[in-house]
Amino acid sequence: FYLLSVSVTSGAFESTLGELKILNWPISIFEATSFWVDYDDKETFLLLEAFVTTTSDGGEPVKFVKGDLVVFPTGVNCRWDVYQAGSKHYHFYN
């Protein structure tokens, strides 16, 4: 069960944004929907807009809101429930 290792930092600091160069990362725009994601690579993202809950098989839901900096490690398999359309800066690592 990998969802426990997901890292969520609420209200990312400007210093973190600068260190990671997050504002230079691509932006993904998404609609309110539900879908499954299998993370073959580590993903780090800054949620710009949206309200999202992710849940892995048998796991507790984890909520993300605007301003959260989230890291999904390689190997996570989870369902995304997007309750409000939004966008995120994102970066994948091999």
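Student: Hi! How many aromatic pairs does the count come to here?
Tutor: Hello! This is a predicted model, and the count comes to 10 aromatic pairs. One of them joins Phe35 and Trp80, whose rings are stacked, with 5.7 Å from centre to centre and 15° between the planes.

Student: Where do Phe35 and Trp80 lie?
Tutor: Phe35 belongs to strand E3 (residues 34-38) and Trp80 to strand E7 (residues 77-93). The pair therefore ties together parts that are 45 residues apart in sequence.

Student: And Phe35, how does it count at 31% relative accessibility?
Tutor: Phe35 counts as partly exposed, because its 31% falls between the 20% and 50% cut-offs.

Student: What about Phe51 and Tyr83, how are their rings arranged?
Tutor: Phe51 and Tyr83 form a tilted aromatic pair, at 5.3 Å centre to centre and with 35° between the planes. Phe51 is in strand E4 (residues 42-56) and Tyr83 is in strand E7, so this pair ties together parts 32 residues apart in sequence. Phe51 is partly exposed, with a relative accessibility of 28%.

Student: Which residues do ring pairs link into a cluster?
Tutor: The cluster consists of Phe35, Tyr39, Phe45, Phe64, Phe72 and Trp80.

Student: Let's turn to charges. Which ring does the charged end of Lys88 sit over?
Tutor: The charged end of Lys88 sits over the ring of Phe45, at 4.6 Å from the ring's centre. There is also Lys42, which lies over the face of Tyr93, 5.2 Å from that ring centre.

Student: Phe45 again! What is it in contact with, leaving aside neighbours within four places in sequence?
Tutor: With those neighbours left aside, the contacts of Phe45 include the aromatic residues Trp25, Phe64, Phe72, Trp80 and Tyr90. Asp68, Leu69, Val70, Lys88 and His89 are also in contact with Phe45.

Student: On to the core. Which residues of the largest nonpolar core touch the most other members?
Tutor: That core has 15 residues, and the ones touching the most other members are Tyr39, Phe45, Leu47, Val52, Phe64, Phe72 and Trp80.

Student: Which strand gives the most to this core?
Tutor: Strand E4 does, with four residues. E4, strand E6 (69-72) and E7 each supply at least two residues of the core.
Tutor: Apart from this core lies another one, of six residues, among them Leu17, Ile22, Leu46 and Leu69.

Student: New topic, the backbone. What is the phi of Lys21?
Tutor: Lys21 has a positive phi of about 55°, although Lys21 is not a glycine. You will find Lys21 in the loop between helix H1 (14-20) and strand E2 (27-30). With a relative accessible area of 54%, Lys21 is exposed.

Student: And Ala50, is it buried or exposed?
Tutor: Ala50 counts as buried, at 5% relative accessibility. Ala50 lies in strand E4, and its phi is near 135°, which is a positive value in a residue other than glycine.

Student: What about Glu49, where is it found?
Tutor: Glu49 is found in strand E4 as well. At 32% relative accessibility, Glu49 counts as partly exposed. Leaving aside neighbours within four places in sequence, Glu49 is in contact with Phe30, Lys66, Gln84, Ala85, Gly86 and Ser87.

Student: How far is the C-alpha atom of Glu49 from that of Tyr90?
Tutor: The two C-alpha atoms are separated by 13 Å, and the residues are 41 apart along the chain.

Student: Let's zoom out. How many helices and strands does the protein have?
Tutor: The protein has one helix and seven strands. Along the sequence they follow the pattern β-α-β-β-β-β-β-β.

Student: Why is the protein as compact as a globular protein of that length?
Tutor: The radius of gyration is 12 Å, close to the 12 Å that the globule rule gives for 94 residues, so the protein is as compact as a globular protein of that length. The C-alpha trace spans about 35 × 25 × 20 Å along its principal axes.

Student: What share of the residues count as buried?
Tutor: Of the 94 residues, 38% count as buried. The protein exposes about 5,500 Å², with carbon and sulfur atoms supplying 53% of it.

Student: Last one: among contacts between residues at least 6 apart in sequence, what share join residues at least 24 apart?
Tutor: The share is 77% of those contacts.

Technical notes. Residues numbered from 1 in each chain as written. Predicted model: local features only at pLDDT ≥ 70, side-chain atom pairs only at ≥ 80, totals over all residues. Heavy atoms only, no water. Phe/Tyr/Trp six-rings, centres within 6.5 Å; stacked < 30°, edge-to-face > 60°. Buried < 20%, exposed > 50% of the residue type's maximum accessible area, 1.4 Å probe, protein only. Lys NZ or Arg CZ within 6 Å of the ring centre and 35° of its normal. Core = buried A, V, L, I, M, F, W, Y, C linked by side-chain atoms within 4.5 Å. Contact = heavy atoms within 4.5 Å. Rg over C-alpha atoms; globule rule 2.2 N^0.38 Å. Areas by Shrake-Rupley, 256 points an atom, 1.4 Å probe, with all protein chains shown as cover.
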